[in-house]
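I opened the notebook to look up how two chains meet. My notes follow the structure.

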There are 6 protein chains.
Amino acid sequence: MTDLVTFGETMLRLSPPQGHRLETTDDLDLRIGGAESNVAAAVSRLGFDSAWLSKLPDSPLGRRVTVELQSHGVDTPVAWSDDDATRMGTYYIEHGGAPRGTNVIYDRADAAITTVSADELPTERIRESEMFYTSGITPALSEAAAKATATLLETANDAGTTTVFDLNYRSKLWTPEEAAVGYRALFDAVDVLVAAERDTREVLGRDGTPEDLVSGLADDYDFETVILTRGDEGALALHDGETYDQPVYEADTVDAVGTGDAFVGGFLAARLDGENVATGLEYAAATAALKRTIDGDIAVVTPEEVDAVVGEDGAGISR
Amino acid sequence: MTDLVTFGETMLRLSPPQGHRLETTDDLDLRIGGAESNVAAAVSRLGFDSAWLSKLPDSPLGRRVTVELQSHGVDTPVAWSDDDATRMGTYYIEHGGAPRGTNVIYDRADAAITTVSADELPTERIRESEMFYTSGITPALSEAAAKATATLLETANDAGTTTVFDLNYRSKLWTPEEAAVGYRALFDAVDVLVAAERDTREVLGRDGTPEDLVSGLADDYDFETVILTRGDEGALALHDGETYDQPVYEADTVDAVGTGDAFVGGFLAARLDGENVATGLEYAAATAALKRTIDGDIAVVTPEEVDAVVGEDGAGISR
Amino acid sequence: MTDLVTFGETMLRLSPPQGHRLETTDDLDLRIGGAESNVAAAVSRLGFDSAWLSKLPDSPLGRRVTVELQSHGVDTPVAWSDDDATRMGTYYIEHGGAPRGTNVIYDRADAAITTVSADELPTERIRESEMFYTSGITPALSEAAAKATATLLETANDAGTTTVFDLNYRSKLWTPEEAAVGYRALFDAVDVLVAAERDTREVLGRDGTPEDLVSGLADDYDFETVILTRGDEGALALHDGETYDQPVYEADTVDAVGTGDAFVGGFLAARLDGENVATGLEYAAATAALKRTIDGDIAVVTPEEVDAVVGEDGAGISR
Amino acid sequence: MTDLVTFGETMLRLSPPQGHRLETTDDLDLRIGGAESNVAAAVSRLGFDSAWLSKLPDSPLGRRVTVELQSHGVDTPVAWSDDDATRMGTYYIEHGGAPRGTNVIYDRADAAITTVSADELPTERIRESEMFYTSGITPALSEAAAKATATLLETANDAGTTTVFDLNYRSKLWTPEEAAVGYRALFDAVDVLVAAERDTREVLGRDGTPEDLVSGLADDYDFETVILTRGDEGALALHDGETYDQPVYEADTVDAVGTGDAFVGGFLAARLDGENVATGLEYAAATAALKRTIDGDIAVVTPEEVDAVVGEDGAGISR
Amino acid sequence: MTDLVTFGETMLRLSPPQGHRLETTDDLDLRIGGAESNVAAAVSRLGFDSAWLSKLPDSPLGRRVTVELQSHGVDTPVAWSDDDATRMGTYYIEHGGAPRGTNVIYDRADAAITTVSADELPTERIRESEMFYTSGITPALSEAAAKATATLLETANDAGTTTVFDLNYRSKLWTPEEAAVGYRALFDAVDVLVAAERDTREVLGRDGTPEDLVSGLADDYDFETVILTRGDEGALALHDGETYDQPVYEADTVDAVGTGDAFVGGFLAARLDGENVATGLEYAAATAALKRTIDGDIAVVTPEEVDAVVGEDGAGISR
Amino acid sequence: MTDLVTFGETMLRLSPPQGHRLETTDDLDLRIGGAESNVAAAVSRLGFDSAWLSKLPDSPLGRRVTVELQSHGVDTPVAWSDDDATRMGTYYIEHGGAPRGTNVIYDRADAAITTVSADELPTERIRESEMFYTSGITPALSEAAAKATATLLETANDAGTTTVFDLNYRSKLWTPEEAAVGYRALFDAVDVLVAAERDTREVLGRDGTPEDLVSGLADDYDFETVILTRGDEGALALHDGETYDQPVYEADTVDAVGTGDAFVGGFLAARLDGENVATGLEYAAATAALKRTIDGDIAVVTPEEVDAVVGEDGAGISR
Ligand SMILES: [Ca+2]
Ligand SMILES: [Ca+2]
Ligand SMILES: [Ca+2]
Ligand SMILES: [Ca+2]
Ligand SMILES: [Ca+2]
Ligand SMILES: [Ca+2]
Ligand SMILES: [Ca+2]
Ligand SMILES: [Ca+2]
Ligand SMILES: [Ca+2]
Ligand SMILES: [Ca+2]
Ligand SMILES: [Ca+2]
Ligand SMILES: [Ca+2]
Ligand code: NI
Ligand code: NI
Ligand code: NI
Ligand code: NI
Ligand code: NI
Ligand code: NI
Ligand code: NI
Ligand code: NI
Ligand code: NI
Ligand code: NI
Ligand code: NI
Ligand code: NI
Ligand code: NI
Ligand code: NI
Ligand code: NI
Ligand code: NI
Ligand code: NI
Ligand code: NI
């Protein structure tokens with residue numbers, strides 16, 4: 001049985017070397033990235049069986065994605081598209097530093113996943129899984145993707161699979177108003193909500209203290225767990241009426257992209273391992289901090305490394 | 001005054017290192033490529049003023065194209081698109097070797113140029129230019145691009161600018177039947193036709209000896225010059241009732257992409273320099289052979305290097 | 001059910017850039033290589049389920065192997081060793097060219113697999129599989145490895161799994177006399193024998209024409225199929241009393257290492273697909289030729305590419 | 001009409017990878033660098049027409065410079081030298097970090113520009129331009145270069161072109177005493193002076209507070225504008241009797257070389273855009289800070305990026 | 001006459017690029033590293049004749065070590081092993097950053113040096129040298145290596161060569177108890193002891209203030225000089241009854257490996273130059289700080305650079 | 001005692017990657033090259049003690065040369081120049097392929113060696129050496145270098161050291177007439193002459209068959225040995241009245257630069273080993289063929305590899 005199934009878009013990720021610009025570079029690093037596959041890869045690396053559902057063009061570019069995900073042990077029973085009108089989503093990332101921010105350029109229109117339907121995916125994998133995860137990016141991709149997202153969340157919910165949803169608001173895909181409608185249509189089928197504080201305020205239009213935000217969300221939508229992620233200020237969770245405050249672990253950041261997905265991956269792995277929410281948050285924060293030291297979207301870590309951070313070992317040289 | 005204006009699509013060109021596969025590589029070389037900009041760059045490098053007209057997304061990816069073309073001295077008065085629905089065309093190239101062919105994957109749908117209109121381009125540049133070049137790829141991109149192609153060819157023709165057209169049939173863009181219709185709609189405004197023997201037979205549906213092909217085309221459409229390119233068998237031209245046979249120069253090939261465009265660039269540069277068709281073909285073949293020794297679509301050569309090949313200097317080390 | 005299970009050693013493969021020497025390089029490419037995992041990867045890439053059994057050190061170096069094999073879809077239910085006295089086998093390869101040969105340096109002593117026992121491997125995977133493959137390298141590694149090889153071959157044989165054995169004589173591991181004894185102890189459990197002509201003569205001490213060699217082997221050991229690989233002269237097979245002669249496909253060689261394993265992989269994939277021996281040999285030769293155009297031990301190919309070679313498409317650029 | 005013309009030497013710039021030493025490296029990055037071309041490139045990138053005048057050897061090395069400058073949109077109507085006694089200036093840069101400083105090795109003797117004469121340059125470009133910029137490096141290169149510098153500054157001054165001069169004292173080219181004489185001979189034709197505080201004190205021999213320095217310079221030589229650059233302490237300008245104090249923007253520095261030229265480029269672009277001195281200094285400081293995040297001498301930036309820094313947007317990831 | 005002879009193991013050092021993991025990288029940097037060759041290289045670079053004694057496999061891998069050491073001017077009269085049972089020691093290093101530490105994986109079992117005997121080394125080089133250095137790693141490698149260490153230290157001692165010994169405790173080679181016995185067996189022949197504070201406490205089992213530690217060691221074993229290295233807190237030395245406290249110089253660290261060896265190299269070079277212990281410690285700290293800015297184990301520095309740090313010049317750009 | 005001392009100029013060698021042009025590259029490989037150091041390195045690698053005399057700037061660039069030569073075991077007792085008017089000679093090489101030749105750009109004016117005097121070199125090393133080698137490049141560099149060349153050749157001759165001289169005509173340094181005068185002034189002190197057939201005809205103005213050329217040279221100048229190198233047609237030698245004809249070994253060429261120096265190095269090493277002229281020529285041809293498979297000027301080979309070529313082993317994979 002799979003421990004975690006995720007569903008969403010993964011893109012090719014193209015980046016020039018450190019300090020170089022897209023306008024002038026002639027070298028690009030090629031990796032892959034996508035919230036749902038990042039989470040699946042982190043959970044697989046942390047010792048659990050995970051699978052990622054999606055739709056990809058039947059081409060070397062599409063296979064580039066499954067090759068990299070499989071390397072991390074993720075199962076990839078995706079739908080393959082032969083439709084020439086669909087393509088491989090791509091994003092370009094130029095790492096910056098103050099005062100130049102990191103710049104992301106998305107080139108994801110007409111990706112194969114925009115034509116996905118729940119019918120072409122092995123939904124039994126979700127029913128047989130312990131957890132199902134998707135994020136607010138997926139329903140924003142197309143009407144078809146939104147419909148599939150709803151179907152899969154309901155499928156999971158009906159089967160007793162714990163459902164996890166991260167808002168992951170993307171302003172380049174839809175407006176806050178559209179997103180709010182889209183999110184609310186799904187909340188009913190969600191057990192565990194992960195929400196950035198900023199999205200909670202600006203998209204869901206809620207206010208108050210962080211404590212107000214988590215309790216308001218939990219009350220209004222009857223979530224089993226709500227996790228509010230707050231950047232440098234850590235995370236706040238509410239579960240069974242109790243709140244948990246988790247600070248961040250300091251990190252020498254090489255690449256910040258994927259930090260939030262590593263956080264979710266660490267949390268879900270701990271939960272799959274039977275840990276309580278407090279411990280889950282520690283593993284989440286540790287996995288996120290480790291991710292920041294690693295090039296690429298994916299948390300290429302081991303359970304032992306996460307344990308060591310939770311146990312607060314310093315960063316020296318071990319020999 | 002500009003010597004040559006060209007019009008067409010240029011794409012980002014992404015390729016893994018020699019012997020590596022797209023499915024598994026994590027390094028890509030980034031260059032640019034497009035028939036019309038390849039020709040403009042070759043002509044500029046060979047000593048003439050050239051300009052390239054097109055439409056690009058107003059982004060680092062769009063600017064990546066003008067940066068590289070400008071580096072070769074090409075002027076780039078393009079239209080910039082702010083329309084989020086358009087994108088930067090991209091192609092992936094995996095160099096092979098027998099028995100694995102070189103593999104090209106196009107990702108060019110919805111490129112900014114598919115929305116181009118002659119109105120947004122500086123057509124006076126064409127009227128003031130000695131030559132205008134475009135290829136059969138451009139009208140295949142979209143209805144708008146086909147209309148702009150026709151308008152620009154007619155603009156050139158009306159202004160007495162010599163018009164040059166290379167069939168450049170692309171089976172992934174249209175059928176032979178569609179292409180034949182598209183080509184014929186433009187032939188009236190074309191002075192110099194460049195046609196691969198294969199396209200002449202399979203798309204234009206003509207047959208006979210190579211000599212039959214060039215004379216048939218010249219007769220039917222009243223071209224001033226017809227150049228039939230025949231791969232390893234060289235090229236055959238017809239001009240003023242005389243035919244010219246040009247063999248290829250042997251080359252140690254590093255990258256065959258762009259060979260045909262280098263051929264056209266060498267021919268046009270010689271013609272701009274006042275050379276006759278026979279000499280033009282020699283320069284064409286020499287530029288094409290040099291291109292094959294160079295990584296990327298563009299013939300990064302000097303006039304002296306082309307002269308040296310025409311003068312048949314051997315390939316040793318000069319010190 | 002798995003289609004193919006293989007068992008053997010896989011090493012890290014370290015190589016300097018083309019034209020550079022190990023003595024002076026400061027850059028190494030890191031890949032993995034091993035006959036049995038090369039075969040498993042080729043078969044997986046050609047569309048069948050494969051698994052590779054082995055024993056690896058429980059370290060990033062050991063996981064480097066499973067990461068790369070999983071990326072090609074190979075299942076890796078290996079035994080992990082915590083014994084500090086065992087290590088990760090490594091080999092260095094310096095690509096040459098006439099008159100300098102390619103140089104391989106093995107550093108494989110005390111690899112974890114030298115302590116392997118059949119008990120620590122999931123032998124049920126072999127029993128449930130259609131085919132089982134190992135090579136003459138494995139029993140040469142250690143007494144424990146030889147014993148495990150015998151046990152696994154017998155397990156397969158008893159379960160009705162087709163067993164495939166490639167002599168793969170390695171003079172740095174044992175003498176011809178030792179190898180001959182080792183091979184003969186296993187032949188009883190082997191259905192399909194793959195043998196280089198040179199090993200057949202120099203190790204097994206047989207002589208005569210190639211036809212004599214295959215028929216002699218088949219007669220003496222009652223193999224179902226015997227394939228004699230003959231380098232540039234192709235391969236000769238005997239099956240059901242009929243001989244099959246397969247020439248090589250010409251290839252522009254980038255990296256010759258792994259050619260033989262790609263040949264076996266192509267053959268087994270065709271056989272798993274229900275093809276007869278003649279067709280199997282064509283797929284074998286095609287896969288081997290493609291492998292030569294690719295950097296690394298593994299045939300990073302697709303079924304379509306192998307089909308295209310068998311169908312004798314030329315190596316041009318398709319666009 | 002050109003907005004800015006500059007005149008000076010540009011060199012090849014060779015640097016080993018981060019953390020590697022020149023003594024032991026076998027890889028060098030090749031870029032170009034020179035105060036006057038750095039300024040021209042920054043101004044072109046910020047939206048104005050710029051041209052760079054110089055003299056280069058007629059060789060691939062000389063063309064390497066024009067290729068890179070043209071890529072940034074800079075026009076390069078340079079004199080080409082066929083004199084075998086002249087060469088391409090080169091500099092090596094080894095990036096350090098405390099306590100090892102960044103090390104620069106110049107190899108610029110007998111560069112083609114040391115033989116330059118105003119006669120061989122298109123001086124009408126200067127007369128038709130809005131601004132002309134050169135620095136104190138140019139007259140230090142040779143007597144011929146000093147004479148050409150004086151002639152071009154006077155040409156500009158006579159034509160009403162605003163003249164801008166940056167002291168840029170280089171101790172490896174001349175003594176403070178020689179430099180002081182050289183500078184003073186040119187000041188009469190200078191409208192805008194840019195001077196490092198240290199050069200003002202140690203070369204021009206002035207003292208007092210920064211305010212004393214700018215007012216003293218303005219009074220003594222009747223400059224329209226004086227800008228005193230003060231490293232981490234920002235810049236102080238005097239214009240029309242008013243002083244302006246500009247702090248630095250903090251930056252994560254990848255490469256500090258070219259910071260001062262980016263500052264001048266940002267200032268001149270703002271002035272060409274009609275901005276006042278205070279705003280000009282803000283753009284100067286923002287362009288300088290962005291430059292520090294970028295590899296190479298040149299500020300590969302966009303107007304939008306400079307605007308964003310002036311508008312004090314933080315450095316996050318925008319998606 | 002040689003100024004310094006050292007004896008010990010040097011390994012190949014393999015590391016992925018910054019931010020990449022061993023599990024997933026396909027690129028490795030190849031360097032060499034070993035305490036005793038690091039010290040010999042630093043001393044040679046700082047202007048003295050040094051030689052390194054060891055035993056290496058007679059292969060390209062063994063020669064890779066002498067090639068790199070010779071490049072730094074170190075003489076390498078090593079014993080070459082043709083014994084196929086011995087190999088080249090290797091270590092893998094993955095640079096981290098908080099909260100992920102730098103990870104070192106040793107693969108040094110059965111290195112050729114484990115079979116070394118004093119007989120096969122040119123011991124006259126030690127007798128004719130001013131100083132002899134080895135570290136506590138060497139006797140931990142094997143019984144043979146321990147015996148050779150003792151013999152060489154005694155040879156040096158008997159000949160009046162100053163002997164220097166650095167504890168360099170490695171927990172992966174022996175237990176604290178074993179190490180303490182091993183060290184004490186050698187102390188009688190040691191003149192200058194270098195000991196990390198942590199090893200002094202945890203291996204030698206001593207306690208008290210740092211001052212207590214150095215005076216206790218000096219008293220108990222009659223060392224001429226004792227240097228206690230204390231990480232960020234600098235070093236404390238005792239010599240002729242006087243203690244010397246040396247703080248660290250701050251450094252922008254690129255690679256911390258080899259810092260301790262650079263410290264010893266700087267100290268010994270200064271002592272060979274006739275400097276007193278206080279000055280020796282300054283040079284030690286300066287060489288160590290410079291090392292941290294450089295990729296690899298070895299302090300690729302010049303005497304002038306060390307002088308500049310001792311003279312406290314800031315880290316700017318000199319031109 | 002040194003076996004071979006050489007004297008001459010060595011330059012930095014800068015080259016773009018295969019298929020890239022100097023005009024557009026941003027990556028350069030850095031190596032060193034010079035006829036006399038190439039010969040010294042080959043002889044050292046083939047098992048003999050060699051030293052290289054020269055004059056270098058006292059800078060990281062000068063040390064870059066000694067670092068690389070020392071790595072091959074060559075002793076480098078050079079004169080170091082602090083004269084700012086001298087510099088490090090550099091050459092750029094762009095590897096081509098038909099019809100584009102390999103292009104070499106020299107930037108060697110005012111190299112430190114142009115100011116060399118025999119006084120500043122350790123001439124006793126020549127007197128104590130078995131052989132002394134220099135080439136016709138050295139006297140062409142400057143009057144001072146020509147004078148030092150004459151002095152060192154005479155010093156060697158007077159001391160009974162065998163003197164070896166390779167014409168190595170460089171048209172960019174002097175005219176054929178100047179060279180002929182320069183060569184003849186030295187011939188009296190030369191024992192072994194190496195001369196390209198082309199230089200013999202075009203510079204020395206001799207004609208006739210190859211046999212005529214070698215016997216004419218031997219007769220006219222009383223050389224002990226004359227070797228005429230004839231490119232693809234091999235070499236012809238005359239010694240003790242007997243002629244020897246040596247064909248070339250075929251090679252897969254990666255880099256042809258330095259082939260002639262490898263030939264001389266192989267010949268001298270064999271002669272130092274007591275081999276006769278016929279065997280010397282075989283080793284020469286084998287070393288030259290191996291060099292062609294290796295990137296850079298230097299023959300990074302082993303005696304065993306040369307032996308294997310002489311013994312005509314094929315180029316397969318040995319494992
Ligand atoms: Ca590149
Ligand atoms: Ca990256
Ligand atoms: Ca990369
Ligand atoms: Ca490329
Ligand atoms: Ca390197
Ligand atoms: Ca490198
Ligand atoms: Ca490789
Ligand atoms: Ca750089
Ligand atoms: Ca690589
Ligand atoms: Ca590049
Ligand atoms: Ca580079
Ligand atoms: Ca090279
Ligand atoms: Ni990378
Ligand atoms: Ni990276
Ligand atoms: Ni890579
Ligand atoms: Ni490239
Ligand atoms: Ni490249
Ligand atoms: Ni390339
Ligand atoms: Ni690679
Ligand atoms: Ni490769
Ligand atoms: Ni390198
Ligand atoms: Ni770069
Ligand atoms: Ni860079
Ligand atoms: Ni790679
Ligand atoms: Ni490195
Ligand atoms: Ni490196
Ligand atoms: Ni490095
Ligand atoms: Ni680059
Ligand atoms: Ni290289
Ligand atoms: Ni190379």
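Predicted model: local features only at pLDDT ≥ 70, side-chain atom pairs only at ≥ 80, totals over all residues.

Entry, charges. I looked up the count between chain A and chain B and found 6 salt bridges. I then picked one pair. B:Asp26 bridges to A:Arg31, with the closest N and O atoms 3.7 Å apart. That distance falls within the 4 Å cut-off, so the pair qualifies.

Entry, polar contacts. Across the interface of chain A and chain B I got 9 residue pairs in polar contact, both residues at pLDDT 80 or more.

Entry, who touches whom. I listed the elements of chain A that each supply at least two residues to the side touching chain B. They are strand 2 (11-15), strand 3 (27-33), helix 2 (60-71), strand 7 (90-94) and strand 8 (102-107). I sorted that side by class: 11 nonpolar, 4 polar and 10 charged residues.

Entry, area. On contacts, 25 residues of chain A meet 25 residues of chain B. The two chains bury about 2200 Å² between them. Carbon and sulfur atoms account for 55% of it. Which three residues of chain A supply more of its buried area than any other three? I found A:Glu23, A:Leu28 and A:Leu61, with 26% of the area that chain A buries against chain B.

Entry, strand pairing. I checked strand 3 of chain A against strand 3 (residues 27-33) of chain B. They run antiparallel, joined by 3 bridges. I traced one partner: A:Asp27 pairs with B:Asp29.

Methods: Residues numbered from 1 in each chain as written. Chains lettered and ligands numbered in written order. Heavy atoms only, no water. Contact = heavy atoms within 4.5 Å. Buried area = accessible area lost by both parts, 1.4 Å probe. Salt bridge = Lys/Arg side-chain N within 4 Å of Asp/Glu carboxyl O. Polar contact = N/O pair within 3.5 Å; in protein donor to acceptor, adjacent residues only side chain to side chain. Helix = DSSP H or I, 4+ residues; strand = E, 2+ residues; numbered from the N terminus. Nonpolar A, V, L, I, M, F, W, Y, C, P; charged D, E, K, R; others polar. Pairing = 2+ DSSP bridges.
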